[in-house]
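Have a look around, then read on.

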Amino acid sequence: MDYSALYPEIILALFAIAIPAVGMMLKDSKFLAAVSLAGVGLAMLAVFMYFYEGLGAVVFDNGLLVLDDFSGLFMMVFLAVAFVVILASGKFIEGEKHASEYYSLILLATVGMMLVAASTDLFVLYIGIEITSISSYALVAFRKKDIKGTEAATKYFIFGGISSAFTLFGISLVYGITGTTSFEGIGAAVGSLVEFKEMIWLALVMVIVGFGFKVAVVPFHAWAPDVYEGAPSTITAMLAAGSKKMGLVAMFKFFLIAMLAIKADWEMVIAIMAILTMTVGNLAALNQTSIKRMLAYSSIAQAGYILIAIAVGTEFALTGGIFHILTHAFMKGGAFIIVATLAVVAIGERISDYKGLAKRSNFMAFSMTILLFSLAGIPPLAGFASKVVLFSSPIQGGVAGAEWLIWLSVAAIINSAISLYYYARVVKYMYVDELDEDVPVAKLKLPKSMMAAVAICVIAVIGIGLYPEYFIQLCQDAARALLA
Amino acid sequence: MNIPLEYILVLSSSLFIVGAAGVILKKNAIMVLMSIELMLNAANVNMVAFSSYYGDARGQVFALFSIGIAAAEVAVGLAILLNLNKLKKTVNVDDINLLRW
């Protein structure tokens, strides 16, 4: 059997197994972080080699998994997120017990995400989602003495369980209706259904509910702010930048390959959910006092933007969706890591704790500003480039008989304008407002590794913003590979 | 002897509905966990039924996989609930209210 499509996952899984063994001898968090970084780096190298050699699509075992432009790009995104998160964690969890399990679980969660990106079969997709979910339940509960973390983990686990139950039931119905589980096979079968024509509706509802919980789409979003607030900040970065994107990738695969033939039946539902999600997310973010909650609601809103790509469903829209996932991973991951970095030097998680931050750490205030402005979509940053592609897709779309899709663009642009208010508020706190009187003005001593992680995100955001053509090309290749 | 497919589908949908009702109505987190398991098992029943209907082994193999995944999920879930019980002295879902806006 040819395993070359699986090399990145195999490398990462081997490191995930090896790290607890290494941890038996050396419990130092920074050392374990370095070992995990080596694993992530090797896996990245494997994906890079694939792109470099230009092999085309490599299929594993008659089409359970495939390594092509689409899955390769997403593997890179997930690995980059894991890299940044692990780099920041070395210092963040220093001195805590079970550091080796922590890194092992992060790597396993990443393996699950990569399997989802590579899957061409509903069953493999489900297994990938579950590997990620189960690892992240444990990661959210990592601080055993922290009551907020445990509560967040309980909520995450219960909602995640409901999500997987709905997804699995939906998958079983799809299997029953079409008699096959590969996306392409389902895609060919649903177009010409005779026997169970109405049943496919039930299956669609089940899968939408299941994925909706996973991606935190309104009205299934209630758990997300609680979990993002309670989890350790580095893990929040991974949830927002990694596992939420995994859910969106799963939705891309399910709706745009398997269910494309009956698009007319579900595009309205997804479009309404997209508008609801971005509106509710942005409005709820307006009056948050905790920065993690604010960023969590902003994540919900961003997922709403990305749903536009599914509702429109053209290659151009999918390019925009993939591009926005790519940029959002860096923007949101970086923002949460800044929160984690500041928590290490005992700056709280309320937005008002960020008053006068520019005087205490210029670098952190500057990075946060760049990332937040990028999230709002201000040129010349990455968020602007991806939003341009994504929001113009319903207009440019060329979907005959679906002119109402333009309203998606209108809603998204209004929402972007609203979101600028709460992003700019944080910037105002950091630069304009004075420090509280009881806080010393001394410069903060920040850990270098975490600053490096933040710097990677900021450089990525500025770089993608200045040279978007190259990345748009990558995303277009990926979209083409998925829709082909 | 063949059991008609409809009978099994009625069984699995009722299992799923009972599970969903349990998730909504039960206050004890352990009971919620059990209800989620019911929903997962409903899907497994479906999978096996369709598998034998089509004469295709894939559904049954996947049902085995999904049982394994559910077991792993329960293990992690029970550990989290144990820890919750240790910290808060309760597993009542109504008392989990530290995090809200």
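Two notes on ground rules. This is a predicted model, where local features need pLDDT of at least 70 and side-chain atom pairs count only at pLDDT 80 or more, while totals for chains, interfaces and linings use all residues. Residues are numbered from 1 along each chain as its sequence is written, chains are lettered from A and ligands numbered from 1 in the order in which they are written, and side-chain values use heavy atoms, with hydrogens and water left out.

Most residues other than glycine have a negative phi, and most peptide bonds are trans. Ala346(A) goes its own way, with a positive phi near 65 degrees in a residue other than glycine. You'll find Ala346(A) in the loop between H13 and H14 of chain A; helices here are DSSP runs (H or I, at least four residues), numbered from the N terminus. His98(A) also has a positive phi, about 65 degrees, and is not a glycine either. His98(A) sits in the loop between H3 and H4 of chain A and is partly exposed, at 43% relative accessibility.

Then there are the cis peptide bonds. One runs from Val218(A) to Pro219(A), with omega near 5 degrees, and Pro219(A) lies in the loop between helix H8 (199-215) and helix H9 (223-230) of chain A. Another runs from Pro379(A) to Pro380(A), again with omega near 5 degrees. Pro380(A) belongs to the loop between H15 and helix H16 (382-396) of chain A.

**Salt bridges**

How many salt bridges does a search of the whole structure find over all chains? The count is 16, where a salt bridge is a side-chain nitrogen of Lys or Arg within 4 Å of a carboxyl oxygen of Asp or Glu. Here are some of them:

| Pair | N to O distance |
|---|---|
| Glu94(A) and Lys30(A) | 3.9 Å |
| Glu96(A) and Arg143(A) | 2.8 Å |
| Glu434(A) and Lys359(A) | 3.9 Å |

The Glu434(A)–Lys359(A) pair links distant parts of the chain, 75 residues apart: Glu434(A) is in the loop between helix H17 (406-431) and helix H18 (448-466) of chain A, and Lys359(A) is in helix H14 (residues 357-360). Glu434(A) is exposed, with a relative accessible area of 54%, whereas Lys359(A) is partly exposed at 35%.

**Patches on the surface**

Patches are made of residues with over 30% relative accessible area and no salt bridge; like charges are joined within 9 Å, and nonpolar side chains (Val, Leu, Ile, Met, Phe, Trp, Tyr) within 5 Å. Lys and Arg count as positive and Asp and Glu as negative, with His and the chain ends not counted. A charge is placed at NZ of Lys, CZ of Arg, CG of Asp or CD of Glu.

A positive patch is formed by Lys97(A), Lys144(A), Lys145(A), Lys86(B) and Lys89(B). Of these, Lys86(B) is found in helix H3 (residues 58-88) of chain B and is exposed, with a relative accessible area of 59%.

A nonpolar patch brings together Met1(A), Tyr3(A), Tyr7(A), Ile10(A), Leu14(A) and Ile17(A), with about 670 Å² of accessible area together (Shrake-Rupley method, 1.4 Å probe, only the protein chains shown counting as cover). Leu14(A) lies in helix H1 (residues 7-25) of chain A and is exposed at 54% relative accessibility.

**Two residues and their contacts**

Is Ser367(A) buried or exposed? Ser367(A) is buried, with a relative accessible area of 0%. It is found in helix H15 (residues 362-376) of chain A. Leaving aside neighbours within four places in sequence, Ser367(A) is in contact (heavy atoms within 4.5 Å) with Ile338(A), Val454(A) and Val458(A).

Val344(A), in helix H13 (residues 315-344) of chain A, is partly exposed at 33% relative accessibility. Leaving aside its neighbours within four places in sequence, Val344(A) is in contact with Phe92(A), Pro447(A) and Met450(A).

Terms used
Helix = DSSP H or I, 4+ residues; strand = E, 2+ residues; numbered from the N terminus. Buried < 20%, exposed > 50% of the residue type's maximum accessible area, 1.4 Å probe, protein only.
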